Amino acid sequence: METHALAASYSLRSGVRSSSSVPLPSTHGLPCKQRHGQGFLLYSFRDSCLPASRRAGSSVAFVPRAAAEVRDGRPSLGGGEGGRGRGGKRVLRQSQAHTTSPSLPVKEIASFAVPAGALLAVSFGMRIVFLIQEIGLQTDFRRIEKTNLLIYSIVVSASLLTSFSVHASLLVHLQVRYGTANLLLQHTVLWKVAGKLIMPKPKGSTSEIKKTPSPGLKWSFSPGTNLLSGGAAKLEKESRQKLNEFSKELRTFRSVDLSGRNFGDDGLFFLAESLGYNQAAEEVDFSGNGITAVGLKALDGVLQTNTMLKTLNLSGNNFGDEGAKCLSDILKVNGGIQKLQLNSSGIGDEGARVIADMLKENQTLRVLELNNNMIEYSGFASLAGALVENKAIRSIHLNGNYGGPLGAASLAKGIEGNKSLRELHLHGNLIGNEGVRALISGLSAHKGKITLLDIGNNEIGPKGAFSIAEYVKKTKSLLWLNLYMNDIGDEGAEKIADALKENRTITTIDLGGNNIHASGVSMIAKVLKDNSVITTLELSYNPIGPDGAKDLCEILKFHGKIETLKLGWCQIGPKGVEYVADCLKYNTTLSTLDLRANGLGDDGAVCLARSLKVVNEALTSLDLGFNEIRDRGAFALAQALKANEDLAVTSLNLTSNFLTKYGQVALTEARDHVFEMNEKEINIFF
């Protein structure tokens with residue numbers, strides 16, 4: 001029951017002196033009423049409505065009234081003497097015997113109430129003071145004297161045992177002593193204290209004021225109740241709507257990207273139900289959502305029965321070895337997931353071990369990604385053992401781990417006995433020359449068909465390049481070879497070039513960042529004269545200079561089938577780009593050319609523009625970013641775009657140059673001109 005339901009209504013009536021025992025009738029002014037709560041009148045102030053002449057010397061008397069009847073949720077309030085409220089019914093007096101409740105002598109009331117109040121004040125005094133502080137009213141408590149506080153305790157205690165008439169008369173006495181204004185302030189505090197005492201507390205509640213947690217999204221386990229801890233209604237509603245939208249996506253679309261939403265464990269519990277009833281989603285991305293090992297338990301019982309889901313991405317969730325164990329136990333009996341991505345998940349050797357155990361039983365998983373974790377030699381050995389028994393895995397990604405030479409050697413043993421593996425990603429494992437030698441030994445004995453080998457950034461030198469070259473000569477299946485960011489140098493480049501003369505399968509080779517100079521590029525260029533298989537050549541971050549560019553472009557002018565050539569950060573300069581521009585006039589296969597950060601300047605841009613004016617139906621993408629090109633170079637390129645109606649370029653990158661708005665406007669107008677004349681769209685990036 002509400003506190004206000006226990007309190008009778010009061011009418012403060014004017015014209016009554018404190019010493020009078022009979023209240024004077026109120027005939028002046030309209031009643032001034034205030035409500036508190038629904039259907040109850042707490043105060044009726046008439047004195048404030050009196051003229052100043054009548055207000056002097058007057059005091060206020062509290063007359064209790066019974067609560068009026070409530071019709072349609074609204075109270076019927078008495079107005080004036082025997083007046084009617086809004087409901088039209090006369091307000092019943094509490095006594096029902098007198099039209100007005102008589103004022104009682106103060107001395108008689110005090111003789112009865114004070115002893116009882118004093119007893120309760122001693123018992124509950126400290127409790128009341130504490131409650132006043134707990135209420136937290138924005139009130140100047142310095143106005144309440146210690147004596148007042150004691151008297152409040154008496155009044156509150158007395159009001160719990162005696163009638164409200166006694167309580168009202170006591171307040172009349174207090175008004176004489178302390179004044180009307182101060183009394184009303186204290187009366188408000190008093191009834192809030194009384195409410196605290198009267199209201200029952202729920203079980204287990206305490207009297208402590210609990211601080212509201214700091215704002216932030218807290219997702220609940222129950223559907224539709226992802227509440228904000230701060231209690232903000234708007235954010236609460238938005239959070240609930242978001243999770244419901246995610247849930248709907250899981251049941252509607254084939255591919256669902258929920259990455260980076262940070263819904264945490266509780267959000268995954270919410271969404272797991274939708275996965276359980278999934279009949280649409282085949283690819284789900286839950287990466288970067290703050291999911292821990294606890295949250296992965298939500299997938300238990302869901303993934304075992306879900307056969308629609310083919311790709312599950314949980315990367316960027318730091319669930320560690322414990323989460324890997326939970327997930328592995330679930331996937332042992334899963335018959336649907338073919339691609340599992342667990343990159344950057346804090347998985348170590350123990351996690352790799354439990355995943356390896358899962359691979360021994362799971363025969364549906366085709367792609368396993370464990371990039372950027374903390375797997376060392378022991379974990380590599382566990383995975384190698386799984387490869388011997390697993391007959392389904394096609395691609396394994398272990399980039400950015402700590403396998404080292406021993407890890408590579410142990411993995412080679414597993415590869416040796418595996419027939420299903422097609423792609424091996426070991427980028428950034430510091431395997432070195434010894435490790436790559438052991439790895440190549442296993443690959444050479446592999447009974448399957450490896451099509452992709454990524455061993456970039458592994459501190460491989462010329463000796464390691466020799467082992468790789470031997471494998472390149474023998475392989476009949478390798479299509480993609482990545483040696484990016486090693487240090488094979490010109491000597492290693494020569495070994496690789498010799499091997500490519502005999503190889504007729506590799507289509508993409510990445511030799512970027514290997515400290516190859518002009519002599520090394522010359523050896524590779526000669527291979528391209530007779531090799532018509534290689535279509536993508538990556539040579540970025542090698543200091544080949546203008547001479548290297550010359551040797552390469554002389555071959556590509558009339559030979560080879562190169563479609564993508566990357567020469568960024570190769571120090572070719574304005575002189576070297578002249579050979580490139582000349583090559584473009586005759587080459588008919590090159591479609592993508594990357595010349596970033598070569599210091600071309602305006603001279604280099606002008607040189608390229610002259611070539612672009614000539615008919616070129618092959619080049620579609622030209623990247624000239626970071627080349628210190630200014631407006632003069634931009635104007636030349638703009639004229640080339642306008643002049644050549646048959647130009648095939650659809651993408652021109654000029655980001656991080658020194659163009660002003662004039663150069664940008666010129667290029668924009670050229671783009672619009674080409675579209676108006678030929679209805680061809682060119683994407684120009686500034």
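Throughout this tour, a residue is called buried when its relative accessible area is under 20%, exposed when that area is over 50%, and partly exposed in between (1.4 Å probe, protein chains only). The model is predicted, so local features need pLDDT of at least 70 and side-chain atom pairs count only at pLDDT 80 or more, while totals for chains, interfaces and linings use all residues. Residues are numbered from 1 along each chain as its sequence is written, and side-chain values use heavy atoms, with hydrogens and water left out.

**The whole chain**

Of the 686 residues, 49% count as buried.

**Helix H15**

Select residues 489-502, which form helix H15, and you will find 14 residues reaching 21 Å from the first C-alpha to the last, close to the 20 Å expected at 1.5 Å a residue (the expected span is 1.5 Å times one less than the number of residues). The buried residues of H15 are Gly-489, Gly-492, Ala-493, Ile-496, Ala-497, Ala-499 and Leu-500. These cover an arc of only 165° around the axis, which puts them on the same side of H15; the arc is that of the directions from the helix axis to the C-beta atoms. Turn to the other side of H15, and there Glu-491 and Glu-502 are exposed. What covers the buried residues of H15 includes helix H14 (462-474), strand E16 and helix H16 (518-530).

**Asp-510**

Next select Asp-510, which is found in strand E16 (residues 508-510). Asp-510 is buried yet has no salt bridge, and the nearest side chain of opposite charge, that of Lys-566, is 7.3 Å away. Here Lys and Arg count as positive and Asp and Glu as negative, with His and the chain ends not counted, and a salt bridge is a side-chain nitrogen of Lys or Arg within 4 Å of a carboxyl oxygen of Asp or Glu. A polar atom of the Asp-510 side chain does, however, lie 3.0 Å from the backbone nitrogen of Gly-512.

**Asn-542**

Move on to Asn-542, in the loop between strand E17 (536-538) and helix H17 (545-556). Asn-542 counts as buried because its relative accessibility is 0%. Its side chain reaches the backbone nitrogen of Asn-515 at 3.0 Å, and a polar atom of that side chain lies 2.9 Å from the backbone nitrogen of Ile-516.

**Arg-596**

Now select Arg-596, in the loop between strand E19 (592-594) and helix H19 (601-613). Arg-596 is partly exposed, with a relative accessible area of 26%. Although Arg-596 and Trp-569 are 27 residues apart along the chain, their C-alpha atoms are separated by 6.2 Å.

**Salt bridges within helices**

The structure holds 17 salt bridges, and the last stops show three of them. In the first, the side chains of Asp-329 and Lys-325 meet at 3.3 Å, N to O; these two residues are four residues apart in helix H9 (residues 320-331), and therefore separated by about one helical turn. In helix H10 (residues 349-361), Arg-353 and Asp-357 are also four residues apart, and their side chains meet in a salt bridge of 3.2 Å, N to O. Finally, Arg-437 and Glu-434 lie three residues apart in helix H13 (residues 432-445), with their side chains joined by a salt bridge of 2.8 Å, N to O.

Technical notes. Polar contact = N/O pair within 3.5 Å; in protein donor to acceptor, adjacent residues only side chain to side chain. Contact = heavy atoms within 4.5 Å.
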